[in-house]
Amino acid sequence: MINYPNGKKQKNTIDRTLSATNRGMTLEKDINLSNDYYLEVDKANIHKKPTPVQIVTVDYPMRSAAKISEAYFKTPSTTDYNGVYKGKAIDFEAKECSSKTSFPFSSIHPHQIKHLQSVLKHGAIAFVIIRFSKYNETYFVEAHKVIESYFGEKRSLPYTWFKDEAILIPMGLCPRVDYLKVVDQLYLGGQK
């Protein structure tokens with residue numbers, strides 16, 4: 001029990017489960033903070049793409065309190081983030097995984113793979129950032145490796161695969177997830 005100054009007692013009701021609705025929100029928040037930092041210091045201009053939604057019904061209980069009561073996804077979204085860095089187009093997906101053993105391909109949709117293939121074809125730097133939340137480890141995976149594996153026989157990528165094929169992104173303060181450091185190493189010859 002927690003005693004609050006107003007004298008009321010409330011139970012400590014922290015929900016330790018991660019619902020499918022909020023899965024990935026921690027990683028997304030960290031990437032958004034990193035992108036805000038990159039923009040603030042004029043290092044890159046990368047943003048989260050909004051999900052296209054068709055609003056069908058809006059309730060107006062009061063003039064100042066509109067509430068969307070029915071909406072649908074217009075079209076399948078592509079990837080989560082895009083922008084520009086050092087004159088190069090950047091496009092990537094971010095996924096958070098709660099498994100200790102593997103990353104399931106069911107987390108990436110076919111239209112996202114198709115989009116990654118397309119942006120690679122047109123010369124963009126494309127990748128996937130995957131966080132294993134149980135280990136608090138965030139990995140940078142080149143898009144071509146995800147695409148090749150996606151069309152293979154396996155239905156997931158084992159956690160051990162990330163140790164060999166991906167790059168661990170250390171957590172920091174500013175930026176929180178410094179994925180551009182990996183972009184510099186892999187694609188831009190270590191430019192600073």
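**Figure 1. Strands 3 and 6 pair in the antiparallel sense, with four bridges between them.** Welcome to the first close-up, which comes from a predicted model: local features need pLDDT of at least 70, side-chain atom pairs count only at pLDDT 80 or more, and totals for chains, interfaces and linings use all residues. Residues are numbered from 1 along each chain as its sequence is written, and side-chain values use heavy atoms, leaving out hydrogens and water. Strands here are DSSP runs of E with at least two residues, helices are runs of H or I with at least four, and both are numbered from the N terminus. Two strands count as paired if DSSP finds at least two bridges between them. Look for lysine 48, whose bridge partner in strand 6 is tyrosine 81.

**Figure 2. A hairpin joins strand 6 and strand 7, with two residues between the strands.** The two strands pair in the antiparallel sense over five bridges, and glycine 83 stands opposite isoleucine 90 of strand 7. In the loop between strand 6 and strand 7 you will find lysine 86, with a phi near 50°, a positive value in a residue other than glycine. Most residues other than glycine have a negative phi. Lysine 86 counts as partly exposed, at 33% relative accessibility (buried is under 20% relative accessible area, exposed is over 50% and partly exposed is in between, with a 1.4 Å probe and protein chains only).

**Figure 3. The open sheet has six strands in the order 3-6-7-9-10-12, with mixed pairing.** Its edges are strand 3 (45–48) and strand 12 (167–169), each of which pairs on one side only. On average, neighbouring strands of the sheet are turned by 25° against each other, direction ignored. Helix 5 (residues 179–187) packs on the sheet and touches strands 3, 6, 7, 9, 10 and 12; contact means heavy atoms within 4.5 Å. The direction of helix 5 makes about 35° with that of strand 10 (axes are lines fitted to C-alpha atoms, for helices over the stretch in contact, and angles run from 0 to 180 degrees between N-to-C directions).

**Figure 4. Strand 10 (residues 137–142) and strand 12 pair in the antiparallel sense over three bridges.** Here tyrosine 139 has leucine 168 of strand 12 as its bridge partner. In the loop between strand 9 and strand 10 sits asparagine 136, whose phi near 55° is a positive value in a residue other than glycine. The loop between strand 12 and helix 5 holds proline 175, and the peptide bond from cysteine 174 to proline 175 is cis, with omega near 0°.

**Figure 5. The largest nonpolar core has 23 residues.** A nonpolar core is a set of buried Ala, Val, Leu, Ile, Met, Phe, Trp, Tyr and Cys residues joined through side-chain atoms within 4.5 Å. Which residues touch the most other members? They are Phe103, Ile130, Phe132, Val141 and Phe162. Helix 2 (110–121), strand 9, strand 10, helix 3 (143–150) and helix 4 (159–165) each supply at least two residues of this core. Leaving aside neighbours within four places in sequence, phenylalanine 162 is in contact with Phe103, Ile130, Phe132, Tyr139, Val141 and Leu157. Apart from this core lies another, of 21 residues, including Tyr38, Phe92, Phe127 and Phe140.
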